[in-house]
Structure formats: structure tokens, C-alpha cells
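Hi everyone, thanks for coming. Let's take a look at a protein chain together, and please follow along on the screen.

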Amino acid sequence: MKVAISSDHGGNNLRKEITNLLTELDIEYIDYGPDADTSVDYPDYAVPVANDVVAGKVDRGILICGTGIGMSISANKIKGIRCALVHDVFSAKATRGHNDTNMLAMGERVIGPGLAREIVSAWLETEFEGGRHERRINKMMELEKN
């Protein structure tokens, strides 16, 4: 598995924590930055990750900003992306198992590093269940055509 990760200035610290986790889990990743704590615009960092997920350059993407909201909205504007804003382990598992999400968003100002590590681990480890969920995802993705 190969993961892309990015943040805005409000998610830099948590992004560094998650890149450490990815290294510990021996998961290959690309860090899209930013490299400094100066203010940046989250769409500028969400969209390249989303584009690379859709293009198949990476398998999944992780985005972090202050709340996770701006990043998730930006990513979900890209056709083919299913990005979930998650702040608990149950939702991380459910969004992979039921929604086959290909991107995860979190907020550094909402959760701490320990919980974020648990969320990312659960999200990465959970497989899509398929079955009845496949039909629902197909209907959801059809909405992009409208």
C-alpha cells in the first residue's frame, strides 16, 4: 500500500505524527507538505493528493487541517474521491467497511495524536465489506454525473 498525506498549517503537527506512524507500520508514503507553519490554503494541499488517489499513483490519501472540514470538502470535489472526516475509531472502521473510502480527513484541533494514530491504523487495516454496500456506493458515485 502507498499513501499520500498532506495538511495545511493547522495540521502540520498531526501530519508529522501520522508520517511517523506510517514509517512504524512500514507503509510507503508521499508527504505533500507543507514544509512550514505559515498560513496556506487547504485546497492547494488537498487537491493534489485527491488527484493522485484518483490517478492510481497512491492507494489512499490522508488529509489534516485544523478541523478536517475544509480538507474533506475540497477532496470530495474531485470526481472519484470518497473522503470521510473522521474523529473516532468506530467511524474509521465503518467508513472503510461500508463506504470504501479512499481518503481520510482529520482535524488537529479536534483530536490528539494518540487517537489520530488509532484512527489511521483502523482505517488502513479495515477492508471494504462489499455485498450490499457495493450497490450503495455505486448509487453514490452516480451522483457525480449530475
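Which residues of helix 3 are buried? Before I answer, please keep in mind that this is a predicted model. Helix 3 covers residues 69-76, and its buried residues are Gly70, Met71, Ser72, Ser74 and Ala75. And what covers them? The cover includes strand 1 (2-7), helix 2 (42-55), strand 3 (60-65), strand 4 (83-85) and strand 5 (103-107).

Helix 3 also contains Ile73. Is Ile73 buried or partly exposed? With a relative accessibility of 49%, Ile73 counts as partly exposed, because buried means under 20% and exposed means over 50%. Together with Ile69 and Leu85, Ile73 forms a nonpolar patch on the surface, and the three have about 250 Å² of accessible area together.

Let's move on to strand 5. Five of its five residues are buried, so strand 5 is largely enclosed by the rest of the structure. Which way do its residues point? Met103, Ala105 and Gly107 point one way, while Leu104 and Met106 point the other way.

Now for the neighbours of strand 5. Strand 3 runs parallel to strand 5, and five bridges join the two. Here you can find Gly61 opposite Met103. Strand 4 also runs parallel to strand 5, joined to it by three bridges, and Cys83 has Met103 as its bridge partner. If you follow the chain through strand 4, helix 4 (residues 89-97) and strand 5, you trace a right-handed β-α-β unit.

Last topic: charges. How many salt bridges does the structure hold? There are seven. In one of them, the side chains of Asp31 and Arg15 meet at 2.9 Å, N to O. This pair links distant parts of the chain, with Asp31 in strand 2 and Arg15 in helix 1, 16 residues apart. Asp31 is partly exposed at 36% relative accessibility, whereas Arg15 is buried at 3%.

Another one to look for is Asp100 with Arg82, where the closest N and O atoms are 3.5 Å apart. Asp100 sits in the loop between helix 4 and strand 5, and Arg82 in the loop between helix 3 and strand 4. Asp100 also meets Arg96 in a salt bridge, at 2.9 Å, N to O. Arg96 is buried, with a relative accessible area of 4%, while Asp100 is partly exposed at 22%.

Methods. Residues numbered from 1 in each chain as written. Predicted model: local features only at pLDDT ≥ 70, side-chain atom pairs only at ≥ 80, totals over all residues. Heavy atoms only, no water. Buried < 20%, exposed > 50% of the residue type's maximum accessible area, 1.4 Å probe, protein only. Helix = DSSP H or I, 4+ residues; strand = E, 2+ residues; numbered from the N terminus. Contact = heavy atoms within 4.5 Å. Patch = residues over 30% accessible without salt bridge, like charges linked within 9 Å, V, L, I, M, F, W, Y side chains within 5 Å. Areas by Shrake-Rupley, 256 points an atom, 1.4 Å probe, with all protein chains shown as cover. Salt bridge = Lys/Arg side-chain N within 4 Å of Asp/Glu carboxyl O. Pairing = 2+ DSSP bridges. Right-handed = clockwise from strand over helix to strand, strands pointing away.
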